[in-house]
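Visitor: I would like to learn how to read the features of a model like this one. Could you take me through it step by step?

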Amino acid sequence: MGDITYMNDKTEDRSEGLEPRQQTVRSVRADAQRNINALLQSAMTVFATSGVDAPVREIADKAGVGVGTVYRHFPQRSDLIEAVFRQEIDACADAAVDLADKYKPVEALERWLLRYLEFIATKRGLAAALHSSDPAYETLPICFVEELSPALKTLIETATAADEVRAKITPDELLWAVASLSTAVDNDDIEHAKNIVSLLVDGLRYRAL
């Protein structure tokens with residue numbers, strides 16, 4: 001019994017000895033993550049109003065950090081742009097499941113395409129980046145295909161199985177059709193673009209009737 005007590009005491013002593021250092025590391029990591037989250041939220045807002053070419057200082061000021069902090073986490077502007085849009089792409093992909101649970105197949109499909117349009121159209125410069133030949137943005141189209149194509153494919157297949165839309169439409173065709181549409185959309189005229197997306201869905205549904 002005495003040996004067991006001794007070993008437990010030693011274990012507790014070593015743990016207590018490491019505790020301040022562990023707390024410091026966790027604190028640093030927590031602070032860094034808070035800065036990253038603040039920067040992503042700030043950049044998301046700034047991009048929507050000023051475009052992806054907005055001054056870095058504007059993003060830093062809105063996040064409550066210094067410009068150096070921006071560059072420490074995102075050395076290149078393209079790194080920040082990619083991080084912001086990857087976060088929103090994930091949210092857009094996740095929305096497909098939620099919409100499929102709440103609405104009939106064709107309505108879920110239409111609502112998702114409208115959400116996708118709004119995501120693209122209200123982030124000034126994103127559509128241009130997607131169609132850009134700039135190597136800094138070459139991962140964005142890949143990200144769209146890998147994340148959004150499977151989500152949209154599920155919605156299309158469900159609507160097709162229910163005979164609510166015509167067959168032989170691919171997710172990539174719809175993704176790029178809406179993305180191309182958004183290049184000509186001004187933030188003040190997004191409702192017009194939404195009407196066009198709804199007409200597109202009506203066209204898909206017409207063939208199924």
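Visitor: What share of the chain do buried residues make up?

Guide: A residue counts as buried under 20% relative accessible area, as exposed over 50%, and as partly exposed in between (1.4 Å probe, protein chains only). Here buried residues make up 37% of the 209 residues in the chain. This is a predicted model, in which local features need pLDDT of at least 70 and side-chain atom pairs count only at pLDDT 80 or more, while totals for chains, interfaces and linings use all residues. Residues are numbered from 1 along each chain as its sequence is written, and side-chain values use heavy atoms, leaving out hydrogens and water.

Visitor: How many helices and strands does the chain have?

Guide: Both are DSSP runs numbered from the N terminus: helices are H or I with at least four residues, strands are E with at least two. This chain has nine helices and zero strands.

Visitor: At what angle do α5 and α8 pack?

Guide: Axes are lines fitted to C-alpha atoms, for helices over the stretch in contact, and angles between N-to-C directions run from 0 to 180 degrees. Helix α5 (residues 105–121) packs against helix α8 (residues 171–182) at about 40°, with axes 9 Å apart. Angles under 35 degrees are roughly parallel, over 145 roughly antiparallel, 65 to 115 roughly perpendicular, and the rest oblique; α5 and α8 are therefore oblique to each other.

Visitor: Which residues of α5 and α8 make the contact?

Guide: Contact means heavy atoms within 4.5 Å. The α5 side includes Trp112 and Tyr116, and the α8 side includes Leu175 and Val178. For classes, Ala, Val, Leu, Ile, Met, Phe, Trp, Tyr, Cys and Pro are nonpolar, Asp, Glu, Lys and Arg are charged, and the others, Gly among them, are polar. The contact of α5 with α8 has eleven nonpolar, one polar and no charged residues.

Visitor: And how do α5 and α7 cross?

Guide: The axes of α5 and helix α7 (residues 139–161) come within 7 Å and cross at roughly 155°, so the two helices are roughly antiparallel to each other. Among the residues that meet are Trp112 and Phe119 in α5, and Phe144 and Leu152 in α7. By class, this contact has 15 nonpolar, one polar and no charged residues.

Visitor: Is serine 149 buried or exposed?

Guide: Serine 149, which lies in helix α7, is buried, with a relative accessible area of 12%. Leaving aside neighbours within four places in sequence, serine 149 is in contact with Phe144, Pro171, Asp172 and Leu175.
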